[in-house]
Amino acid sequence: MEPSAALRPPGRPDGDGTFLWEGIINGPVRSRRLGASLGLNLVPPRSKLCSFNCPYCECGFNTPKAPGARWPSPDVVADALAKTLERLERLPDWVTFAGNGEPTMHPRFPVVVARVLEVRDRRAPGVRVAVMTNGLAAGREAVRAALNRVDERLVKLDPGPVERVNGVAYDRAAVVEQLRGLEAVTVQAMVVEGPGYSGASDTAIDAWLAALARLEPKAVQVYSIARPPADAEVRPVARARLLEIAARARRVVQGRVEVF
Ligand code: SF4
């Protein structure tokens with residue numbers, strides 16, 4: 001899952017202003033919330049692959065898998081991480097699965113997680129591992145178990161009609177139930193407006209608050225777009241409105257609610 005603007009490394013801009021990460025390892029970059037974070041991109045090169053297709057995505061809309069591009073094997077990911085940790089003068093605070101799409105779509109995601117955790121334990125035991133995910137695959141037992149092995153799960157839960165804000169139709173209530181099978185999660189909520197819809201409307205926020213209350217996340221991060229989105233008609237929501245939304249969220253969740 002693409003990172004929030006707070007965790008966006010430099011990348012290669014595409015013609016429309018969106019951009020793709022160039023390799024498996026990106027960073028470390030400074031994140032306001034995580035500190036120094038080393039990004040892990042599992043998506044095949046020159047491709048944007050996600051089970052969502054959010055019009056606000058900074059990586060652009062989904063693409064076909066690029067000709068000849070392959071998902072990196074668990075060994076390749078582990079080796080790239082080990083070499084990077086070895087050469088860094090200063091270790092990052094986090095290693096974060098993010099990148100050009102949804103990391104749980106990797107066909108061997110649970111094995112990749114196991115290998116990454118082995119490398120972390122061996123070479124950098126103080127570094128924590130996070131996964132950014134849209135949560136669609138969290139109902140699959142092996143994926144859920146892998147997500148529960150890492151130190152932090154950042155899951156997407158955006159206000160607004162899902163087929164518009166996430167670009168695909170899915171049963172949000174069912175996904176929330178899946179997410180409840182995870183250990184403590186942090187919700188990342190992108191609030192945007194586009195043609196004919198607003199994630200900041202009272203209707204959208206009421207429905208979102210109900211989902212939040214059901215999920216009981218340990219923290220919520222509210223933000224809007226800060227970089228060119230896939231769909232140029234998507235607009236950011238004013239910070240004043242984000243602060244109002246966060247204030248309402250604080251009434252329904254125990255965890256920390258922050259606006260980025
Ligand atoms: S979940 Fe949305 S924002 Fe994240 S990578 Fe997929 S399409 Fe992009």
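Modeller: Helix 2 (residues 109–123) packs on helix 3 (residues 141–149) at an angle of about 20°, with the axes 9 Å apart. Helices are DSSP runs of H or I with at least four residues, strands are E runs of at least two, and both are numbered from the N terminus.

Biologist: Why is helix 2 called roughly parallel to helix 3?

Modeller: The angle is about 20°. Roughly parallel is under 35 degrees (over 145 is roughly antiparallel, 65 to 115 roughly perpendicular, the rest oblique). Helix 2 is therefore roughly parallel to helix 3. Angles run from 0 to 180 degrees between N-to-C directions, and axes are lines fitted to C-alpha atoms, for helices over the stretch in contact.

The model is predicted: local features need pLDDT of at least 70, side-chain atom pairs need 80 or more, and totals for chains, interfaces and linings use all residues. Residues are numbered from 1 along each chain as its sequence is written.

Biologist: What is the handedness of the crossing of helix 2 and helix 3, and which residues make the contact?

Modeller: The crossing is left-handed (near helix turned anticlockwise from the far one by less than a right angle; clockwise is right-handed). Helix 2 gives Phe109, Pro110, Val113 and Leu117; helix 3 gives Ala142, Val143, Ala145, Ala146 and Arg149. By class, that is 8 nonpolar, no polar and 1 charged. Contact requires C-beta atoms, placed from the backbone, within 7 Å.

Biologist: How do you know that helix 5 and helix 6 are roughly parallel?

Modeller: Helix 5 (residues 172–179) packs on helix 6 at about 25°, with axes 9 Å apart. Helix 5 and helix 6 are therefore roughly parallel. Their crossing is right-handed. Arg172, Val176 and Leu179 of helix 5 meet Ala211, Arg214 and Leu215 of helix 6.

Biologist: What classes do the residues in the contact of helix 5 with helix 6 fall into?

Modeller: 4 are nonpolar, none polar and 2 charged. Charged covers Asp, Glu, Lys and Arg; nonpolar covers Ala, Val, Leu, Ile, Met, Phe, Trp, Tyr, Cys and Pro; the others, Gly among them, are polar.

Biologist: What is the angle between helix 6 and helix 7?

Modeller: Helix 6 (residues 202–215) and helix 7 (residues 239–250) pack at about 40°, with axes 10 Å apart. Helix 6 passes helix 7 in a right-handed crossing. Ile205, Leu209 and Leu212 of helix 6 face Ile245, Arg248 and Ala249 of helix 7 in the contact. That contact has 5 nonpolar, no polar and 1 charged residues.

Biologist: What makes strand 10 and strand 12 edge strands?

Modeller: 3 strands form an open antiparallel sheet in the order 10-9-12. Strand 10 (197–198) and strand 12 (235–236) each have a single partner strand, so one side of each lacks a neighbour in the sheet.

Biologist: How do you know that strand 9 and strand 10 pair?

Modeller: Pairing takes at least two DSSP bridges. Strand 9 (residues 192–194) and strand 10 have 2, in the antiparallel sense. Gly194 has Tyr197 of strand 10 as its bridge partner.

Biologist: How many strands form the mixed sheet?

Modeller: 8, in the order 3-4-5-6-7-8-11-13, and the sheet is open. Strand 3 (25–31) and strand 13 (256–259) are the edges, each pairing on one side only. The twist averages 25° from one strand to the next. Strand 8 (residues 185–190) and strand 11 (residues 219–223) pair in the parallel sense over 5 bridges.

Methods: Contact = placed C-beta atoms within 7 Å.
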